[in-house]
Amino acid sequence: MNTKVVSELVKIVGEEYVSTRVDVLLTYSETASMAKDPVTPGAVARPGSAEEVSQILQLCNKNKILVTPRSGGSSLQGEAIPKPDGLVVDLLRIKGITLHKELRSVTVGSGITFGELDKFLNQHDLWVPVAPESALICSVAGNVAVNGAGPGSSAYGCIAEMVLGVEVVLPNGEIIQTGSEANPNAPGPFLRYAFGPDLTGLFIGSLGSLGIITKVSLKTYKRMHQFHYETYGFDTAEQSEKFLIEVKNNDVLPMFASVYEGPVLNFFMDMVGEEYGIPEHEWPHRTVSMTIGRLREDRMKSDAKKAKEICEQLGGHVIGISELPQGEWEGRFWTFVRTCYIHGWHWRTLYHHQTPTNSHRSVEEITAAMDEHGFLGHTAGFLSGHSTMNMYPHFYFDPLDKEEDHMIRAAHDELAITLYKTGAVPFKLAEYWKGRMEGMEDYMKLLSAIKETLDPNGILNPGVLGGI
Amino acid sequence: MTEIDLDDLMENLAQCRRCGICRDAVYEDMGFDGICPVWKNTAGFETSFMRGKLMIAIALLEGRLEKTSDNTEALYACSLCGNCTEICAAEFDPKESLELVRAVLSDIPNEVRDTLAERILTTNNPYVTDKKGKRDWVAELGFEPPTKADTLYYFGCTAGMKLPETAKAAARLLKAAGIEFAVLEDEPCCGSVMIRTGRLQDAEENAKKVLESIQESGAKTVLVSCAGCLKTLRKDYPEKFNLSMPKIVHFVEYFLELVKSGKIKLKPLGKNVKITYHDPCHMGRELGIYEEPRDLLKAIPGVELVEMETNRRAAMCCGAGGGLRSYDPELSKKIAADRVREAEETGAEIIANACPFCEQNLESGAKLIDSSIRVADIVDLIVDLIE
Ligand SMILES: Cc1cc2nc3c(=O)[nH]c(=O)nc-3n(C[C@H](O)[C@H](O)[C@H](O)COP(=O)(O)OP(=O)(O)OC[C@H]3O[C@@H](n4cnc5c(N)ncnc54)[C@H](O)[C@@H]3O)c2cc1C
Ligand code: SF4
Ligand code: SF4
């Protein structure tokens with residue numbers, strides 16, 4: 001990178017927090033993602049405040065330097081891979097947690113992880129009930145930037161539903177506050193849809209391409225302590241799908257409800273069953289593993305009773321193995337990471353959302369692709385909102401086998417088209433969706449226009465948000 | 001001769017999925033309040049914690065990164081504390097892999113590493129260039145332990161040369177308990193730092209020398225007061241060098257047994273003396289010795305044991321290990337200061353520990369932040385308490 005720009009960066013954040021060392025740049029060339037090849041940036045800066053971020057973006061705009069915002073670097077779909085000779089802005093130094101107890105909300109700096117936030121809120125017997133499975137790694141802001149989902153989403157939806165406002169630095173360096181906090185006289189974050197259209201929402205899921213989030217305000221809730229863990233077995237996919245819809249329709253509160261195909265669950269259990277203390281079982285065609293959570297015990301018990309009734313009315317049966325959902329829920333900050341890696345295989349993912357009633361279509365298409373191309377993998381999903389399933393297929397490959405690597409990439413891209421045609425929508429509008437969403441040209445044009453308006457020089461993570 | 005299976009190592013390194021959980025996971029349920037002390041106490045670039053270190057290691061081994069001292073800096077800016085291994089969800093041991101990478105890349109110049117090794121090989125200690133001084137403390141004991149006995153006190157370089165009071169206390173403790181013990185005339189260094197910094201073959205030669213010396217003493221039990229010596233003699237020698245060792249026991253384990261069996265009784269240390277215990281990485285995460293030191297402290301009348309925010313398997317490191325104290329003394333002391341702050345938060349008057357190397361660094365850390373907390377080896381605490 002141009003040495004003049006680097007010295008300007010040094011002036012902004014201090015020498016200690018800028019690096020152009022070859023070893024440092026190498027470590028920012030990749031993330032947890034296996035979706036894209038590494039790209040070496042030209043410099044990395046670690047600003048300590050929104051003001052520093054603002055100055056950095058002004059400098060980059062002036063010098064047409066491409067910027068990649070980065071937090072935990074845990075994204076899996078190539079969202080934070082830098083541009084050649086670009087600047088990576090590492091946002092983990094911006095800390096701070098402010099609780100607004102009376103407003104039932106909390107504000108965190110972009111460097112705060114879900115793990116830190118949860119520990120902080122626990123002291124007050126509060127929580128933000130939604131967190132991704134990468135909660136110990138990613139920042140809340142990073143997760144908001146991708147509109148993540150995870151345990152808790154089955155009841156409350158994606159992280160977007162928790163957000164009351166953001167402080168965001170626009171590509172031109174302007175610092176904007178959204179939500180009720182836009183009013184400098186407001187006591188804090190209490191309403192997201194405060195001033196006309198949802199500007200907060202513009203930045204949620206924008207993959208760092210419309211602005212850099214430096215603070216996030218979120219809803220807090222009284223922490224639940226009443227949980228019921230149960231597994232429900234079904235002979236058909238349709239029964240299990242209907243079960244999830246009826247659970248939601250009947251106001252049962254599933255904090256986390258996963259649906260597993262029999263063979264997939266048997267496969268998981270071969271790997272982790274013993275480690276997690278889950279009894280051996282011949283799992284049925286479909287299993288729903290569900291954690292019901294409530295603040296009050298009577299409601300938890302009533303929900304559990306209702307869920308059993310719904311299951312049996314649909315022709316399913318209560319399996320009675322509570323260790324699976326209990327392990328998923330109680331270990332939600334770590335166990336899933338372990339499950340992702342315990343088998344030792346490398347994998348690519350094609351995250352997407354389906355409706356519960358359509359989730360079997362994802363399974364069918366993914367299974368068909370696995371058969372056609374001859375690779376191993378699986379898919380499972382969890383309820384991630386009002387009537388959404390978050391599907392997280394894993395396609396295994398050997399990174400040293402170039403042919404297999406190539407084949408998996410091709411199969412992945414093909415599947416994006418197929419899944420979209422089944423009615424699925426992206427979970428994170430990553431670059432590979434570009435050109436694979438027929439009939440959405442006008443929508444993408446609008447998104448491009450927004451991008452051009454906010455970022456006329458196209459400096460902020462260009463090409464990442466669906467190719468924009 | 002120790003051979004490293006490079007394919008095996010590469011396969012292990014490939015198990016790192018760059019998830020990044022080893023950076024600063026705060027996970028109340030498992031007791032983690034941050035992971036990597038180097039990340040926390042430096043500018044915090046990716047190179048500072050294990051994910052980045054392994055990316056660099058792979059690039060160096062694959063020839064994608066030039067093999068220069070500068071490019072290996074990140075590999076050595078690590079205390080090998082193993083906290084990352086403790087949280088890592090993947091199917092390998094990142095800390096152990098990094099240690100092996102250092103050995104594979106030991107042809108890349110590193111003055112600190114080589115100076116330490118040369119000293120150990122020529123003068124039996126990593127600290128000075130002559131042999132003098134390591135055994136001076138014996139002269140101050142008031143009695144002369146033999147050089148041969150069933151029980152050997154292998155005192156280690158740090159106690160012998162940097163904290164002779166601890167070495168003396170250990171010897172007096174043994175005498176007070178009526179245990180006949182030997183001290184070697186010319187005790188070789190255990191070579192821990194050579195293993196950690198990648199001079200593996202020299203470490204193996206040294207290990208054979210250590211074993212020979214122990215055998216010459218006729219000892220059936222070797223008592224150590226240093227966690228580093230303990231891990232090296234008890235675990236590394238058999239596992240890495242296939243050496244068959246006599247029983248290696250830490251003072252804390254040994255004296256806890258004596259207290260439990262009633263063979264020794266301890267007088268009160270004072271009234272409601274608040275003590276917190278720092279887990280040395282080599283004793284805790286490496287060997288799973290968590291409760292023995294705590295039980296021994298709790299057995300001292302008048303002691304109230306309080307825990308730091310991170311303890312046992314999730315304990316933050318003192319910053320001394322893995323060659324870091326020599327490689328980057330400033331960073332090492334900063335890490336120690338951080339640990340001292342954590343101890344201060346408990347309201348304890350004393351940070352007890354069971355490793356002179358940790359003690360030395362914690363003292364430096366305390367000095368750095370003008371802390372008045374007392375850093376003391378358990379041995380020092382109990383030496384005057386035997387009834
Ligand atoms: C083992 C594992 C499990 C996972 N499980 C889940 C899961 O359950 N649910 C889920 O949603 N995700 C999951 N992920 C993916 C990943 O953790 C999430 O996408 C996470 O939210 C990324 O956050 P991060 O802080 O790591 O951001 P990064 O990876 O650094 O960046 C992600 C994107 O956000 C942008 N960005 C980062 N910070 C900011 C900011 N402050 N302002 C603007 N843009 C920014 C980046 O430019 C990039 O586009 C998982 C990942 C792993 C490795
Ligand atoms: S060492 Fe383990 S915890 Fe760290 S990034 Fe690699 S896989 Fe994740
Ligand atoms: S061993 Fe300790 S110091 Fe080294 S990378 Fe792991 S956590 Fe950091």
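Predicted model: local features only at pLDDT ≥ 70, side-chain atom pairs only at ≥ 80, totals over all residues.
Local features are reported at pLDDT of at least 70 and side-chain atom pairs at pLDDT 80 or more, while totals for chains, interfaces and linings use all residues; side-chain values rest on heavy atoms, without hydrogens and water. Residues are numbered from 1 along each chain as its sequence is written, and chains are lettered from A and ligands numbered from 1 in the order in which they are written.

Chain B contains 19 helices and nine strands (DSSP runs numbered from the N terminus, helices being H or I of at least four residues and strands E of at least two). Its C-alpha trace spans about 65 × 45 × 35 Å along the principal axes.

Ligand 1 has 35 residues around it, of which A:Pro69, A:Ser74, A:Ser75, A:Ser134 and A:Ala149 come nearest (a residue is near if one of its heavy atoms lies within 4 Å). This shell comprises 18 nonpolar, 13 polar and four charged residues (Ala, Val, Leu, Ile, Met, Phe, Trp, Tyr, Cys and Pro count as nonpolar, Asp, Glu, Lys and Arg as charged, and the others, Gly among them, as polar). In chain A, strand E3 (67–70), helix H5 (140–146), strand E10 (212–219) and helix H12 (335–341) each supply at least two shell residues, and H5(A) gives the most, with five.

An N or O atom in the side chain of A:Ser75 is 2.6 Å from an oxygen atom of ligand 1. For the side chain of A:Ser134, the corresponding distance to a ligand 1 oxygen atom is 2.6 Å. A:Glu79 instead places a backbone N or O atom 3.0 Å from an oxygen atom of ligand 1. The protein buries 99% of the 960 Å² that ligand 1 exposes when taken alone (Shrake-Rupley method, 1.4 Å probe).

The largest pocket has a volume of about 900 Å³ (an open set of points on a 1 Å grid over the protein atoms alone, where a 1.4 Å probe fits, with protein on both sides within 12 Å along at least five of seven lines; lining residues have an atom within 4 Å of a point; the volume is the space filled by probe spheres set on the points, which are joined across faces, edges and corners). Of its 31 lining residues, A:His346, A:Pro399, A:Leu400, B:Arg18 and B:Glu62 are closest to its centre. H1(B) gives the most to this lining, with five residues.

Definitions and conventions. Polar contact = N/O pair within 3.5 Å; in protein donor to acceptor, adjacent residues only side chain to side chain.
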